[in-house]
Amino acid sequence: MTCLWDRENRRFLGFLIICWLLLAGFLLAFGLEQGQESREASRRREAQIASWLLRQGERETYVAAALKNQQITSEGEALLKTTGRTEENQRQVFPFGIGTEGSGKILLAGYLICALGTVAGAVCFLEKRERLFGNAARIIEKYARGEFSCRLPRNRQGGIYRLFTVTDQLALALRAGEEAQGKAREFLKQSVSDISHQLKTPLAALSMYTEIIREEAENPAVVRKFASSAAASLGRMERLIFMLLRLTRLDAGEIHFQKRYCPVRGLVEEATGDLLLRARKEEKQLLMEGDDSCRLFCDPEWTGEAVGNLVKNALDHTAAGGCIQVRWELSPAMLRISVEDDGEGIAPEDIHHIFKRFYRSRQSAPAAADRQGIGLGLPLAKAIVEGQGGILSVQSQPGQGACFSMAFPVGEKMTEL
């Protein structure tokens, strides 16, 4: 019996056995006492009969012979019935009814049956409980190995099942933690792969520019040209690393947005201030339109960066002479900021992938790919908007431009002035 291997189970069974031994001692003492009282009652009754016969003048030898007589006759039985001495009223003579050999055997047999039944029931209960614990231990060992296909018994009454429920909840939390760690490791692996891949090109270009400058050190025009190209590559690397770090912090939940009320026009002007010069240089128009009284409850620094990234993306995909419009409008449900251009648009097969990191359309021409960004502006804008409870969406047709919309829900704080 495996239940006897457990020390606590052995203690419990030992306790039951001690209890039954104590009960046996009590019953034995009780039986002896009852036997003694029965014998005393019988002796007193014989003394009463002998005393009455002697008072009637009967001889002592006759009385002694009557008391020693063990033969029962029908006349004697009839006389007892005539005098009312039947089995029903014998309790007046032997009030406890214990003391005979037959009643002692019956009492002993009943005691043994009860004792053995109790011990057997306890052993069965402990054996069943031991199997339950064994199964639970095997399931918990699977939990420790990362296997969560089995579940502990739950939704029953009792302290042990409450413990199983809490353990199961702990296992679910452990599983969720492992999945989160797995995603974090995969994310880190992917990020390192992306960084190494994206840095490979500008590093190779820097190496080439440095080699050319070294070989053409006596030619100032060549040195200036490739020094400028090297500076551009360094700037690209700096922007790449900066945006990757900010995107990683957003994904890791390390950024806590500091929200406050801010005028939407001021937010947009601050975000596009440095891009106006680029737009004029590239012969493109950058227009802003919206109600000056609109205010947005947001983190102005991060939201401004999202707007700026959308405008940069529009400039990257709009040809000279094109127009980029930044509009904002307030409705009862939300405040929407949209960035619309009349550029090359987005192909249908690309529109569901443009928010992925480093994604480049396969339809882009090499020259267009050279002037486009590093493929992190849109993912960063999406993370910023969604991190503040908003939604970033896009609508586009090839050759008809694109419209990116940031929609922020309007609550009590949004409508307060």
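Biologist: How many aromatic pairs does a search of the whole structure find?

Modeller: The model is a predicted one, and a search of the whole of it finds four aromatic pairs. To read such a pair, one looks at the ring centres and at the angle between the ring planes. Take Phe257 and Trp302: the ring centres are 6.1 Å apart and the planes stand at 85°, so this pair is edge-to-face, the term used for angles over 60 degrees.

Biologist: Where do Phe257 and Trp302 lie?

Modeller: Phe257 is in the loop between α6 (220-251) and β1 (260-263), while Trp302 belongs to helix α8 (residues 300-316), so the pair ties together parts that are 45 residues apart in sequence.

Biologist: Is Phe257 buried or exposed, and is Trp302 buried or exposed?

Modeller: Buried means a relative accessible area under 20%. Phe257 has 18% and is therefore buried; Trp302, with 7%, is buried because its value also falls under that cut-off.

Modeller: A further pair is formed by Phe355 and Phe404, with ring centres 6.2 Å apart and planes at 90°, so that pair is edge-to-face. It links distant parts of the chain, 49 residues apart: Phe355 is in the loop between β5 (334-341) and α9 (366-371), and Phe404 is in strand β7 (residues 402-409). Both Phe355 and Phe404 are buried.

Biologist: Which residue lies over the face of Phe355?

Modeller: That residue is Lys382, at 5.0 Å from the ring centre of Phe355.

Biologist: How should I read salt bridges, and how many does a search of the whole structure find?

Modeller: Side chains of opposite charge can pair when their charged atoms come close. Here the search finds nine salt bridges. One of them joins Asp292 and Arg265, whose closest N and O atoms are 2.3 Å apart. Asp292 lies in the loop between β2 (285-290) and β3 (295-298), and Arg265 in helix α7 (residues 264-281), so the pair ties together parts that are 27 residues apart in sequence. Arg265 counts as partly exposed, at 23% relative accessibility.

Biologist: What salt bridge do the side chains of Arg327 and Glu340 form?

Modeller: Their side chains meet at 2.9 Å, N to O. This pair links distant parts of the chain, with Arg327 in strand β4 (residues 323-330) and Glu340 in strand β5, 13 residues apart. Arg327 is partly exposed at 29% relative accessibility, and Glu340 is partly exposed at 32%.

Biologist: Which residues do salt bridges that share partners join into one network?

Modeller: The network consists of Arg278, Glu282, Lys284 and Asp316. Within it, the side chains of Glu282 and Lys284 meet in a salt bridge of 2.7 Å, N to O. Glu282 is partly exposed, with a relative accessible area of 25%, whereas Lys284 is buried, with 9%.

Key. Residues are numbered from 1 along each chain as its sequence is written. This is a predicted model: local features need pLDDT of at least 70, side-chain atom pairs count only at pLDDT 80 or more; totals for chains, interfaces and linings use all residues. Side-chain values use heavy atoms; hydrogens and water are left out. Rings of Phe, Tyr and Trp (its six-membered ring) pair if their centres lie within 6.5 Å; planes under 30 degrees apart count as stacked, over 60 as edge-to-face and the rest as tilted. Helices (H or I, at least four residues) and strands (E, at least two) are DSSP runs, numbered from the N terminus. Buried means under 20% relative accessible area, exposed over 50%, partly exposed in between (1.4 Å probe, protein chains only). A charge sits over a ring if NZ of Lys or CZ of Arg is within 6 Å of the ring centre and within 35 degrees of the ring normal. A salt bridge is a side-chain nitrogen of Lys or Arg within 4 Å of a carboxyl oxygen of Asp or Glu.
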